[in-house]
There are 2 protein chains.
Amino acid sequence: MKIKYTLLHKDKNSNARYGTLQTNYGTFETPMFMPVGTQATVKTLDTRELKEINSAVILSNTYHLWLRPGEDIVDKAGGLHKFMNYNGPILTDSGGFQVFSLAKSKDITEEGVKFKSHLNGENLLLTPEKSIQIQNKLDSDIAMSFDECPPYPVTYEYMKKSVERTLRWAKRGKAVHNNERQSLFGIVQGGEFQDLREYSAKETVKLDFDGYSIGGTSVGEDKETMMKMIDYGIKYLPTDKPRYLMGVGEPTDIFEGVLRGIDMFDCVLPTRLARHGHAFTLDGKINLKNAKYKEDFTPIDNECDCECCKHYTKAYVRHLIIANETLGQRLLSIHNLRFLIKITENIRESIKNDTFLEYKKEFIDRYRKLNN
Amino acid sequence: MKIKYTLLHKDKNSNARYGTLQTNYGTFETPMFMPVGTQATVKTLDTRELKEINSAVILSNTYHLWLRPGEDIVDKAGGLHKFMNYNGPILTDSGGFQVFSLAKSKDITEEGVKFKSHLNGENLLLTPEKSIQIQNKLDSDIAMSFDECPPYPVTYEYMKKSVERTLRWAKRGKAVHNNERQSLFGIVQGGEFQDLREYSAKETVKLDFDGYSIGGTSVGEDKETMMKMIDYGIKYLPTDKPRYLMGVGEPTDIFEGVLRGIDMFDCVLPTRLARHGHAFTLDGKINLKNAKYKEDFTPIDNECDCECCKHYTKAYVRHLIIANETLGQRLLSIHNLRFLIKITENIRESIKNDTFLEYKKEFIDRYRKLNN
């Protein structure tokens, strides 16, 4: 079945909204944070751990799975859920972002994007149709339209042409989409230009997708600009469809996104931070490599209910990170992901109680102590 | 408390023996295989997974923990069990093997071994007393005497002097041992020389340790020589103390060791194989990188009860290994460790039923199909 979003409560004092997303794998509450499993695995975690941190939708990357192991193998495995043993909803991106950020020698034409594989230099062509066909085979619950994700900044003229092309690509992708149990999201682009964001939002909505993403954020722009990118487009999106802010996972940005009516977030930040020995805490990010944690036999967060904080100390996790033992990255990944998911749980409660603004202020004031 | 070995059944047809080891953390059956957690972590696994594969004693390395994070930090954490959150018995080695195999510019004197740290080149001195003092602080359940582990082969003259020195070192270490809840094992050396192995065994037993190891195996000698090294010494070891064959983890070698009366084994092989994409199966070792597993959607071993085989396919594990995702190494580590532990479970059953020789033949005949 296609996903179904139900708006259950709108915050009295902001655009924050609490709702549910009905999926092939059960119904989940929003706003939600989606862990990223680039290569059909959320780095270092197994799927039991994903369930334990209360993950709902997880993300996987079409570009990476297309190159390796290939969508046909995932298809033969019975789809991505069976392939990676995840008994929950999966969203696949279009591959566009990776083609634009990872691949070499890109050549963007009306047909699609010609590029060289970042793995072996092979010449490849990703088109809107191909992206959807790959995602159909991956059999994710939510597929994304293939869009151009230009760097920041580009000229108004470039962005205008890009938005038009992304709309034509969205139509072409939708036309070939052929998977009854898979929903398809459209993507609003337009950079920091208000009229282009508005235009992109209105025209994308006309194509009638199952949900809408706000793209082109977290590509180098400042926070203020990112918020404008959301504001300019979101008001034209239907209230009965989910809204997804792509690539955003800084805790403070999640609050700002929710404030503006966003339902879904994803980001590699929690697992990437973990690889560098960093952990989220309510008082800001900490670097476990710091010598002051050498003899700190307390958990990263006393109140956290994750496997890392329940069983292991800062001193031990620090030792693992310094000794380059992957259990260190794994424990930090579990903690960082759980931290963001827990935030969204608290956010949902606060929206239901119309106390979102208070919770947002309280969280951000404390979180910025260390980080600003 | 010190460990206590109880011999419960001796195989009618061989020297194989079934018994129990009473420890500070409960009573465990022998023969047993002990996973190696070099740096206070069995690579890629957390301690819950260790329990799930039915681990009993695990090993950790004194040399590594001495260098990083340092025994004082482990001591302040409340000992190694608390530091790494392992609620089961831990054996620490003496550091000798690592000093001889990893360190640079070794200088062996009567006092001990001067060497340069493999991490930062620092000049260090490890003595029999220091090794025991570090292990006392690590607070493992079983400590090992500091011995010289010469390469293979050395001359008879060298080995004779080495055995004498190792005996003097054993005495010195025992004299300073000071941890009521920690047992201390002596190590039989002597290379491939029958009279030296006999001498080493008899003299080491005179020192009255809580258990005895057979050292100097798996250092380059052929299998036949390894078995002689066991045979020459083991008959002089008391039957009421556990016997530990250091560094041995090839399935066929475990059978040969058990046949000769060994109770405990350890080896990095299962986790090292995992890092290279290899898995134990009843039909021999397989290399998951092999293209023939690309579309193999069956578990590594249909009958295996490990988390890898219960939930994941060869094709998926292969994808993870090829894509360099650490979950691949982790799943293979879980499988390979469980494989060896399961073998020892079966071995124990077979000894109790006096069918060890039949089981040994059946296992080895099948296992060698692929590997020989």
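**Notes on chain B: sheet and interface**

1. Helix 8 (residues 194-206) of chain B lies across strand 11 and strand 12 (211-214) of chain B, at about 160° to strand 11 of chain B. Angles here run from 0 to 180 degrees between N-to-C directions, with axes as lines fitted to C-alpha atoms, for helices over the stretch in contact. Helices (H or I, at least four residues) and strands (E, at least two) are DSSP runs numbered from the N terminus.

2. A word on the basis: this is a predicted model, where local features need pLDDT of at least 70 and side-chain atom pairs count only at pLDDT 80 or more, while totals for chains, interfaces and linings use all residues. Residues are numbered from 1 along each chain as its sequence is written, and chains are lettered from A and ligands numbered from 1 in the order in which they are written.

3. Strand 11 (183-188) of chain B pairs with strand 10 (142-144) of chain B in the parallel sense, over three bridges; pairing takes at least two bridges found by DSSP. B:A143 has B:L184 as its bridge partner in strand 11 of chain B.

4. Zooming out, chain B has an open, parallel sheet of eight strands in the order 4-14-13-12-11-10-6-5. Strand 4 (32-34) and strand 5 (58-60) of chain B are at the edges with a single partner strand each, so one side of each has no neighbour in the sheet. Neighbouring strands of this sheet are turned by 30° against each other on average, direction ignored.

5. Now the interface: 29 residues of chain B are in contact with 29 residues of chain A, contact meaning C-beta atoms, placed from the backbone, within 7 Å. Helix 13 of chain B gives the largest share of the chain B side, five residues.

Conventions:
Contact = placed C-beta atoms within 7 Å.
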